Number of protein chains: 2
Amino acid sequence: MNEKFFDLKSEKQDKMINASLHLFADNGYKHASTDDIVREAGISKGLLFHYFINKQGLYSFLIDYSVRYLLYEYDRTVGEETDYFAFFDKLESAKLNVLRNYPYMYKFIDRAMAETDPDIKAISNPELERYHLAVESYKNKLSTPNLRSAITLAQLETLIKHTVSGLTSEQLKSGRPDPDALNIEISSYISLLKTLSTVS
Amino acid sequence: MNEKFFDLKSEKQDKMINASLHLFADNGYKHASTDDIVREAGISKGLLFHYFINKQGLYSFLIDYSVRYLLYEYDRTVGEETDYFAFFDKLESAKLNVLRNYPYMYKFIDRAMAETDPDIKAISNPELERYHLAVESYKNKLSTPNLRSAITLAQLETLIKHTVSGLTSEQLKSGRPDPDALNIEISSYISLLKTLSTVS
DNA sequence: TTTGGAATTGTCCACATTGGTCAATATATG
DNA sequence: CATATATTGACCAATGTGGACAATTCCAAA
């Protein structure tokens with residue numbers, strides 16, 4: 001890519017990034033058209049190719065940028081938190097901050113995992129792996145909560161994971177998401193699960 | 001559509017249906033190509049148009065067929081069950097039966113809800129509405145479980161809904177799904193949530 | 001004001017893909 | 001055999017594709 005891209009004012013950068021994330025997320029690599037991206041970003045075709053050389057270069061940049069951004073945001077927000085429930089609370093709050101700036105970043109990453117084209121997989125796999133490993137390493141540092149005998153730690157984590165991602169994607173579908181309201185809702189479910197699953 | 005379609009042996013019908021569900025689910029109406037559908041179904045282009053007239057006709061048939069099939073399967077499996085947890089257990093087992101025959105039917109319905117083209121919305125909206133209403137009417141007949149004071153009925157339902165759909169879509173992504181194993185897993189989570197949320 | 005390099009445009013193009021048609025052929029049935 | 005029906009796949013006009021590039025706008029320094 002052309003590094004001059006980062007000299008643009010960040011508002012314009014983000015318009016290009018968000019339009020690209022959106023169309024790749026919704027349509028996959030093959031069916032996301034650069035014409036559509038350009039139209040949604042409000043820039044000319046020439047400019048997009050000026051900064052990213054070709055479609056693959058754009059995709060590759062987005063993978064790189066997204067993983068970097070997500071991990072940075074996690075690190076910034078989660079810090080050294082080791083308490084189990086507090087960790088998830090902070091992690092989700094970090095995710096919502098991402099959503100605030102890049103509403104389609106998660107869906108993009110999700111779709112990237114499902115791409116089949118070998119060239120595209122070769123580009124994205126290492127970065128996606130890196131993301132996955134980083135998240136796992138957070139979890140390894142957590143304290144074990146004092147659970148009721150009816151539930152295991154793995155089960156609790158499954159409940160948290162799916163509930164949170166379900167609530168999030170539900171909001172995303174309903175037009176403009178409200179990250180603050182969502183933050184409160186997610187917090188309340190995490191605390192609910194804490195109450196239900198731990199011994200007092 | 002051409003009613004002769006139903007005279008084909010059901011194996012062939014399902015190959016056409018599944019290929020169509022798959023490509024519409026993954027790419028949306030606009031970007032799902034009839035060439036791809038035909039290739040995946042292992043039939044000729046002419047045959048597809050012989051039975052469904054045009055792309056819109058095919059889509060319209062699929063919406064109709066899917067909603068009809070889902071509701072039939074629910075009715076068959078759930079019956080008159082009114083116990084709260086038993087109901088969800090049966091409902092999920094019905095869903096898994098659908099998955100067994102039509103792995104992409106849910107994703108198709110999900111994507112249909114997100115279509116923006118007005119013609120397509122006009123086709124799918126009434127059927128999707130019908131589906132939604134039917135599911136709601138089941139829920140209205142349920143007994144209220146005896147919950148711990150920490151949790152409300154709405155919260156419990158949210159936990160069940162997202163956990164179940166999360167577990168399901170996780171399986172779907174991992175190549176060939178194993179509905180029997182998934183059934184057991186989902187049952188165990190429903191029973192877990194029952195234990196955690198009810199007073200003994 | 002002038003100048004020169006950078007950002008930005010949008011038209012243009014060769015080619016691929018699109019939904020859909022249709023005459024030809026295979027298959028089954030009686 | 002004959003007849004009807006299921007099925008094929010080459011073909012088409014229209015549209016969409018990624019990418020190139022000469023032309024323009026913009027803006028800071030001289």
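Here is a short walk through this predicted model, from its DNA contacts to its aromatic rings. Local features need pLDDT of at least 70 and side-chain atom pairs pLDDT 80 or more, while totals for chains, interfaces and linings use all residues. Residues are numbered from 1 along each chain, chains are lettered from A in the order written, and side-chain values use heavy atoms, without hydrogens and water.

Let's start at DNA strand C. It is surrounded by 19 residues, where near means having a heavy atom within 4 Å. Among the closest are Lys12(A) and Lys45(B). Lys45(B) instead has a polar side-chain atom 2.7 Å from a base oxygen.

Now look at the rings in chain A. Ring pairs link Phe5(A), Phe6(A), Tyr51(A), Phe52(A), Phe61(A), Tyr65(A), Tyr69(A) and Tyr102(A) into a cluster; rings of Phe, Tyr and Trp (its six-membered ring) pair if their centres lie within 6.5 Å. Over all chains, there are 40 aromatic pairs. In one of them, the centres of Phe52(A) and Phe61(A) are 5.1 Å apart and their planes meet at 40°, so the pair is tilted (stacked is under 30 degrees, edge-to-face over 60, and tilted the rest). Phe52(A) is buried at 2% relative accessible area, and Phe61(A) is buried at 8%; buried means under 20%, exposed over 50% and partly exposed in between, using a 1.4 Å probe and protein chains only.

How values were computed. Polar contact = N/O pair within 3.5 Å; in protein donor to acceptor, adjacent residues only side chain to side chain.
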